[in-house]
Amino acid sequence: MANNMVHDESEVVCIDFWANLFGMRVLIALRELGVSFKYIEEDLRVCERSDLVLRMNPVHRMVPILIHHGRPICNSINILEYIDEVWGHRQETQAGGTRLLPIDPLHRAYARFWADFVDNKVFGTEMSLFKSKGEEEKEAAKEELIRQLGQLEEVLGDQRFFSGDEFGFLDVVIIPLSSMFRAYEQQGKFDLEVECPKLMRWEKRCKERESVKSTLPDEEEVYMMHKKWYGIE
């Protein structure tokens with residue numbers, strides 16, 4: 001497939017960059033629900049976006065983008081909900097599995113709330129940690145990041161997954177963060193095994209799943225890429 005063409009409108013296509021944590025969510029969800037798809041790499045190391053991205057997401061010009069029946073769906077959380085609505089029901093009825101989002105409306109609202117927390121709080125604090133100038137600023141960002149990860153750990157509690165016994169929506173949202181755990185520890189000089197032991201045990205359980213193992217890249221490579229993005233020597 002050419003980088004700026006989608007030949008078959010019936011196929012599912014995911015456009016993303018390998019080190020994009022938001023896009024990892026989409027790949028995990030597709031693989032978790034057994035959806036066949038084609039992958040197109042969009043190199044975010046260059047400033048110019050491809051013609052395909054400009055056509056499929058002219059508003060934000062960002063990835064990930066899911067293309068289904070020739071039509072684009074943008075924003076990782078929006079894409080996850082679309083995937084669940086289109087293919088989760090099939091998984092539930094045909095394979096005896098569960099949908100990504102909880103069936104109960106209240107639990108769905110909770111899941112969306114914490115997904116928003118990750119996107120609008122945790123990622124912002126991550127940026128502060130990487131871009132902080134001076135020890136005092138870095139220490140403040142580190143403490144805030146640990147506090148936020150601790151809040152997620154409280155939500156997890158003693159459950160196997162954020163959705164309970166089954167891997168679900170919030171697990172898909174959060175597990176790409178683990179690709180940055182080494183970076184957090186290196187930049188903040190702390191040990192997540194000490195600070196958030198339950199979260200780290202959850203990470204290991206998630207990484208036993210094929211959908212996660214086949215998606216998450218090497219943490220060191222992700223760390224080096226983000227150092228370049230954030231301009232860290």
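**Helix H5**

I started with H5, which has 22 residues and reaches 31 Å from its first C-alpha to its last, close to the 32 Å expected at 1.5 Å a residue. (Helices, H or I of at least four residues, are DSSP runs numbered from the N terminus; the expected span is 1.5 Å times one less than the number of residues.) This is a predicted model, where local features need pLDDT of at least 70, side-chain atom pairs count only at pLDDT 80 or more, and totals for chains, interfaces and linings use all residues. Residues are numbered from 1 along each chain as its sequence is written, and side-chain values use heavy atoms, with hydrogens and water left out.

After H5 comes glycine 157, with a positive phi near 60 degrees.

**Aromatic rings**

My search of the whole structure gave nine aromatic pairs (ring centres of Phe, Tyr or Trp, the last by its six-membered ring, within 6.5 Å; edge-to-face means planes over 60 degrees apart). Tyrosine 82 and tryptophan 87 are edge-to-face, 6.2 Å centre to centre with 80 degrees between the planes. I found tryptophan 87 buried at 8% relative accessible area.

Phenylalanine 162 and tryptophan 202 have centres 5.2 Å apart and planes at 85 degrees, so I noted this pair as edge-to-face too. Phenylalanine 162 sits in the loop between H5 and H6, tryptophan 202 in H9, 40 residues apart. Both phenylalanine 162 and tryptophan 202 are buried.

Definitions and conventions: Rings of Phe, Tyr and Trp (its six-membered ring) pair if their centres lie within 6.5 Å; planes under 30 degrees apart count as stacked, over 60 as edge-to-face and the rest as tilted. Buried means under 20% relative accessible area, exposed over 50%, partly exposed in between (1.4 Å probe, protein chains only). Helices (H or I, at least four residues) and strands (E, at least two) are DSSP runs, numbered from the N terminus.
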